[in-house]
Amino acid sequence: MNDAASLALFQQAILKWFAIHRRPLPWREDYTPYRTWIAEVMMQQTQMDRGVVYFQRWMERFPDIASVAAAPEEDLLKAWEGLGYYRRVRNIQAAARAVMERHGGVFPEDHAAILALPGIGPYTAGAIASTAFNQEIPCVDGNVERVLSRVFNIATPVRQEPARGRILRLARDLIPTGQARDFNQALMELGALVCRKTPACPDCPLRETCESRRLGIAETRPVPPPRAAIIRVDMAAGVLTCGGRVFVQRRKQGDVWGGLWEFPGGCVEPGEKPEQAVVREWREETGFATRVVKPLEVIRHAYTNHRVTLHAFLLELEDSAEWPPPPVLTEAEAWQWLPIENIADIPLPAPHRKLAEACPVLGGSTDEAPRKHPPGRKTAKSPHAQFPLPGLA
């Protein structure tokens, strides 16, 4: 594609294809910068079908930048629950507050100002600038990398130099004047629907200009980076109930699960059994001396290159004659005895949400009835029996 005529044919072919095959996604109903921004952040590491559901629910709850800036963080975390990478939602709120403070609540149009907002990197800034404002700025995601690496037969890993720089230059130079919005979306759409991991070359509007197809090596592009090693992690968590409530704590800001509620626990150390680990972790994190009543569920969850196995146990206090004293928190910033029926209302990490949904003790989906009172507990004598339990430490 070394001449103007070939470039024009490339541009026309993909724009014509996009006009016919573009999906009716909710953020394409209008191209406001706020909706574009939330969609771009939300769809990172998220399947399209799930992303649409989350986007629509988010927009009903937080229809504009001001509502995000003013919302309690826990409300945002709850709306984001299940998408993971919770730093993204905290950055969204930080950026929303910056827009309110620096730009009078109006999302900036200048690319440098967009890039200066918290949590917005080059890809997201390019997506907002080109989609919301039709600026001729490249927007390179995995789909675009795949399309361009095949069309131009880029034979080195696309996330590393020199391929990374070349793809960025191509994505910029290919944008037709005045049509950045549709062109950038067309490249991403083509990668999502046609130029997939297994390419559907006969359906591709760029098949006549694709060098990898001509050479018969399309399935070998893009060249992947070296595969990261899989890290397997064994964890243990404990469920302590009392009077129809369950003890939960909220992780400190800055932690992996910062701001989320959890059933206390932690990693199983070498040479330790999960049931030993959960008793140790409860003692270290809450000061409670507990013992295992029985195992509950084994939850498995994947995070990028981590594979987590969470062993859950029903616990009771070693001294169960009186109502539990307040905990001494070391890994959390708040605690509460939460009514079991309210577990759906708080944001939990994905493995703990799976536990809550599967475990009968927590009102999960199996047939066994939840136990409301640990053995030896006489709630009628509790000083809290007629009053709400402490909400937060």
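How far is the sulfur of Cys 210 from the closest cysteine sulfur? The distance is 6.1 Å, to Cys 201, which is too far for a bond. The legends below place this pair in a predicted model, in which local features need pLDDT of at least 70, side-chain atom pairs count only at pLDDT 80 or more, and totals for chains, interfaces and linings use all residues. Residues are numbered from 1 along each chain as its sequence is written, and side-chain values use heavy atoms, with hydrogens and water left out.

**Figure 1. Overall view of the predicted protein.** The protein has 14 helices and 7 strands; these are DSSP runs numbered from the N terminus, with helices being H or I of at least four residues and strands E of at least two. Along its principal axes the C-alpha trace spans about 85 × 50 × 35 Å. Of the 393 residues, 50% count as buried, where buried means under 20% relative accessible area, exposed over 50%, and partly exposed in between, with a 1.4 Å probe and protein chains only. Among contacts with a separation of 6 or more, 66% join residues 24 or more positions apart, a contact being heavy atoms within 4.5 Å.

Figure 2. The structure holds 0 disulfides, a disulfide being a pair of cysteine sulfur atoms within 2.5 Å. Cys 210 counts as buried because its relative accessibility is 11%. Cys 139 also counts as buried, at 2% relative accessibility. The sulfur of Cys 139 has its closest cysteine sulfur in Cys 195, 16 Å away and too far for a bond.

Figure 3. Rolling a probe the size of a water molecule over the atoms shows where empty space is left. On a 1 Å grid over the protein atoms alone, a cavity is a set of points where a 1.4 Å probe fits but cannot get out, whereas a pocket is an open set with protein on both sides within 12 Å along at least five of seven lines; lining residues have an atom within 4 Å of a point. The count comes to 1 cavity of 30 Å³ or more. The largest cavity holds about 100 Å³ of space, a volume being the space filled by probe spheres set on grid points that are joined across faces, edges and corners. Its lining comprises 15 residues, of which Arg 150, Cys 195, Cys 201, Cys 204 and Cys 210 lie nearest the centre. Helix 9 gives the most to this lining, with 3 residues. By class, the lining of the largest cavity has 12 nonpolar, no polar and 3 charged residues; Ala, Val, Leu, Ile, Met, Phe, Trp, Tyr, Cys and Pro count as nonpolar, Asp, Glu, Lys and Arg as charged, and the others, Gly among them, as polar.

**Figure 4. Helix 9, helix 10 and the loop between them.** Helix 10 covers residues 163-173, and its buried residues are Ala 163, Gly 165, Ile 167, Leu 170 and Ala 171. These buried residues pack against helix 9 (142-151). The loop between the two helices contains Asn 153, whose phi is near 50°, a positive value in a residue other than glycine. Pro 162 lies in the loop between helix 9 and helix 10 as well, and the peptide bond from Glu 161 to Pro 162 is cis, with omega near 10°. Most residues other than glycine have a negative phi, and most peptide bonds are trans.

**Figure 5. The second largest pocket.** This pocket holds about 1,000 Å³ of space. It is lined by 38 residues, and Tyr 85, Tyr 86, Val 256, Trp 257 and Tyr 303 are the closest to its centre. Elements that give two or more residues to the lining include helix 6 (87-102), strand 1 (231-242), strand 5 (290-303) and helix 14 (350-358). The lining divides into 18 nonpolar, 11 polar and 9 charged residues. Tyr 85 is found in the loop between helix 5 (73-80) and helix 6, and has a positive phi of about 50° although it is not a glycine. With a relative accessible area of 41%, Tyr 85 is partly exposed.

**Figure 6. Arg 353 in helix 14.** Arg 353 is found in helix 14 and counts as buried, at 13% relative accessibility. Leaving aside neighbours within four places in sequence, Arg 353 is in contact with Lys 78, Glu 81, Ile 343, Ala 344, Ile 346 and Leu 348.
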